[in-house]
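Subject: Structure handover

Hello,

The structure you are taking over is shown below. My notes on what was found in it follow.

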Amino acid sequence: MLKFAKSSIHEWGLFAMEQIGAEEFVIEYVGETIRQSVADHREKCYNAQGIGSSYMFRIDQDTIVDATKCGSLSRFINHSCDVSLKIF
């Protein structure tokens, strides 16, 4: 089970509410597939619009998934081994 909540690391986070195994599927990262040049342009636009966080995930040298405006909750996943982090 996953929970979307405020994070002490970043504004928002997606938290595992149960133990997740090393090879276990959690959630698919979805968004719009774009080239590096488009990602660079969008990052500038997002900053100009006051969007403090963009959610881009690099697939390979040429391919990036931009989940900033059309992604799922997967964009809020960050990694931390500190199980003492609190959900606010």
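Glu32 is partly exposed, with a relative accessible area of 35%; buried means under 20% relative accessible area, exposed over 50%, and partly exposed in between (1.4 Å probe, protein chains only). The C-alpha atoms of Glu32 and Ile64 are separated by 8.1 Å, although these residues are 32 apart along the chain.

Please keep in mind that this is a predicted model, in which local features need pLDDT of at least 70 and side-chain atom pairs count only at pLDDT 80 or more, while totals for chains, interfaces and linings use all residues. Residues are numbered from 1 along each chain as its sequence is written, and side-chain values use heavy atoms, with hydrogens and water left out.

Overall fold

Along the sequence they follow the pattern β-β-β-α-β-β. Of the 88 residues in the protein chain, 20% are buried.

Salt bridges

How many salt bridges does a search of the whole structure find? The search finds two, where a salt bridge is a side-chain nitrogen of Lys or Arg within 4 Å of a carboxyl oxygen of Asp or Glu. One of them pairs Glu32 with Arg42, with 3.0 Å between the closest N and O atoms. Glu32 lies in strand β3 (residues 32–34) and Arg42 in helix α1 (residues 36–48), so this pair ties together parts that are ten residues apart in sequence.

Arg42 also forms a salt bridge with Asp66, and the closest N and O atoms are 3.0 Å apart. Because Arg42 lies in helix α1 and Asp66 in strand β5, the pair ties together parts that are 24 residues apart in sequence. Both Arg42 and Asp66 are buried. Salt bridges that share partners join Glu32, Arg42 and Asp66 into one network.

Second largest pocket

The second largest pocket has a volume of about 220 Å³. On a 1 Å grid over the protein atoms alone, a pocket is an open set of points where a 1.4 Å probe fits, with protein on both sides within 12 Å along at least five of seven lines; lining residues have an atom within 4 Å of a point. The pocket is lined by 13 residues, and the closest to its centre are Tyr29, Ser74, Arg75, Ile77 and Asn78. The lining divides into seven nonpolar residues, five polar and one charged.

Surface

Ile77 is in the segment after β5 (64–66). With 39% relative accessibility, Ile77 counts as partly exposed. Together with Leu2, Ile20 and Val26, Ile77 forms a nonpolar patch on the surface, with about 280 Å² of accessible area in total. Patches are made of residues with over 30% relative accessible area and no salt bridge, nonpolar side chains being joined within 5 Å.

Two other residues

Lys3 is found in strand β1 (residues 2–6) and, at 40% relative accessibility, counts as partly exposed. The C-alpha atoms of Lys3 and Ala16, 13 residues apart along the chain, are 6.5 Å from each other.

Is Gln19 buried or exposed? Gln19 is exposed, with a relative accessible area of 74%, and lies in the loop between β2 (12–16) and β3. Its C-alpha atom is 9.2 Å from that of Met1, 18 residues away along the chain.

Regards

Conventions: Points joined across faces, edges and corners; volume = space filled by probe spheres on them. Nonpolar A, V, L, I, M, F, W, Y, C, P; charged D, E, K, R; others polar. Patch = residues over 30% accessible without salt bridge, like charges linked within 9 Å, V, L, I, M, F, W, Y side chains within 5 Å. Areas by Shrake-Rupley, 256 points an atom, 1.4 Å probe, with all protein chains shown as cover. Helix = DSSP H or I, 4+ residues; strand = E, 2+ residues; numbered from the N terminus.
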